[in-house]
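Q: Can you walk me through this one? I'd like the overall build, then some residues.

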Amino acid sequence: IIKMREEFEYYYPMDLRVSGKDLIFNHLTMALYNHAAIWPGQSKERWPQSYFTNGWAMLNSEKMSKSTGNFLTLDQAVKAFGADATRFAL
């Protein structure tokens, strides 16, 4: 348990919580509720320091998603374009 607590303390508080704009109402809102419930009165010490939402990656004017299949995994991108180009694009 001590090792688990040390690992937890290493990662908290998060500097930044990031999510897609379509997930604001579930992921980011739930993150606020969870932090408020778990650490009441400790917002400066335990809550993420900032929240950020990103837009969608578009391909041919279509949102990239698993359901449409118009995306590459990181492994596929590295094989197709190389590690440096993939890192730069991210």
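**Fold and side chains**

Q: How many helices and strands does the chain have?
A: The chain has five helices and four strands. These are DSSP runs numbered from the N terminus: helices are H or I with at least four residues, strands are E with at least two.

Q: What should I know about the model and the numbering?
A: This is a predicted model: local features need pLDDT of at least 70, side-chain atom pairs count only at pLDDT 80 or more, and totals for chains, interfaces and linings use all residues. Residues are numbered from 1 along each chain as its sequence is written, and side-chain values use heavy atoms, with hydrogens and water left out.

Q: In what order do the elements run?
A: From the N terminus, α-β-α-α-β-β-β-α-α.

Q: Compact or spread out?
A: The chain is more spread out than a compact globule, because its radius of gyration is 18 Å, well over the 12 Å that the globule rule gives for 90 residues. That radius is taken over C-alpha atoms, and the rule is 2.2 Å times the number of residues to the power 0.38.

Q: How much of the chain is buried?
A: Buried residues make up 13% of the 90 residues. Buried means under 20% relative accessible area, exposed over 50%, and partly exposed in between (1.4 Å probe, protein chains only).

Q: New topic. Where is His35, and is it buried or exposed?
A: His35 sits in helix α2 (residues 24-38). It is buried, at 5% relative accessible area.

Q: Which residues is it in contact with?
A: Leaving aside neighbours within four places in sequence, His35 contacts Tyr12, Met14, Pro40, Arg46, Trp47, Pro48 and Tyr51. Contact means heavy atoms within 4.5 Å.

Q: How many aromatic pairs does the structure hold?
A: Four. Rings of Phe, Tyr and Trp (its six-membered ring) pair if their centres lie within 6.5 Å; planes under 30 degrees apart are stacked, over 60 edge-to-face, and the rest tilted.

Q: What about Tyr10 and Tyr11?
A: Their ring centres are 4.9 Å apart and the planes stand at 90°, so the pair is edge-to-face. Tyr10 is exposed at 66% relative accessibility, and Tyr11 is exposed at 58%.

Q: And Tyr12 with Trp39?
A: That pair is tilted, because the centres are 5.3 Å apart and the planes at 50°. Tyr12 lies in the loop between α1 (2-11) and β1 (17-20) and Trp39 in the loop between α2 and α3 (43-46), so the pair ties together parts 27 residues apart in sequence. Trp39 is buried at 12% relative accessible area.

Q: Which residues do ring pairs link into a cluster?
A: Phe8, Tyr12 and Trp39.
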